Amino acid sequence: MPAKSRAHAPTSVRAIAGLLALAIVLVVASGCTPQAQQFVDKIRAESTEKCNEGNQAACHTIVQALSDTKVAIESTAPLETQTPACNAGKQDACQQLAVLHGELSSWCSMGNGQACAAVNSGPWPAKWDEPALIDAAKLSCLSGQFKPDSSTCQALQMM
């Protein structure tokens, strides 16, 4: 091998080794999706498929990864019945909707497009004091007016 070629050989070997190492890092990094996100992606795909097949409950399903291992699933179906009840003055309906709105707003701020769509389109009550209603919902959970395993009380624990 001529002297000039030998001088460039280590440089090209190092360059190839560097590119190979970078490729390995990229492959490993792309395969390391947190379990919760994989589950969220699966549930979102299934609910979209079921919604397209006409399953209305699936159309109202919103899924959010809360951490690498925690996932929350919420339904927007209560909006259709709870909003008229709240507008009619039913306080427990208003409290439940305020908590749902707060939860979905939080998920929207985390980049959840479905949550943003629900927050922006509603139907939400015409007039309400969301912070006061959330505080009232907390008291309702503590007093047993809302069951501890209700979606409202569960959401408040995560907020």
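**Entry 1: Ala 118**

I began with Ala 118, which is placed in helix α6. I took helices (H or I, at least four residues) and strands (E, at least two) as DSSP runs, numbered from the N terminus. The model is predicted, so local features need pLDDT of at least 70 and side-chain atom pairs count only at pLDDT 80 or more, while totals for chains, interfaces and linings use all residues. Residues are numbered from 1 along each chain as its sequence is written, and side-chain values use heavy atoms, with hydrogens and water left out.

I found Ala 118 to be buried, with a relative accessible area of 9%. Buried means under 20% relative accessible area, exposed over 50%, and partly exposed in between (1.4 Å probe, protein chains only). I then listed the contacts of Ala 118, leaving aside neighbours within four places in sequence: Ile 62, Thr 76, Leu 104 and Trp 124. Contact here means heavy atoms within 4.5 Å. Thr 76 is 42 residues apart from Ala 118 along the chain, yet their C-alpha atoms are separated by 7.4 Å.

**Entry 2: the largest pocket**

I looked up the largest pocket next and noted a volume of about 180 Å³. A pocket is an open set of points on a 1 Å grid over the protein atoms alone, where a 1.4 Å probe fits, with protein on both sides within 12 Å along at least five of seven lines; lining residues have an atom within 4 Å of a point. Grid points are joined across faces, edges and corners, and the volume is the space filled by probe spheres set on the points.

The lining has 13 residues, and Cys 59, His 60, Ile 62, Thr 76 and Ala 118 lie nearest the centre of the pocket. β1 (61–65), α4 (78–87) and α6 (113–121) each supply at least two lining residues. I noted that α6 gives the most, with four.

**Entry 3: the nonpolar cores**

I turned to the largest nonpolar core, which has 25 residues; Ile 62, Val 99, Leu 104, Trp 107, Trp 124 and Leu 156 have the most contacts inside it. A nonpolar core is a set of buried Ala, Val, Leu, Ile, Met, Phe, Trp, Tyr and Cys residues joined through side-chain atoms within 4.5 Å. α5 (91–109) is among the helices that each supply at least two residues of this core, and α5 gives the most, with eight. Apart from this core lies another, of five residues, among them Ala 36, Val 40, Ile 43 and Ala 65.
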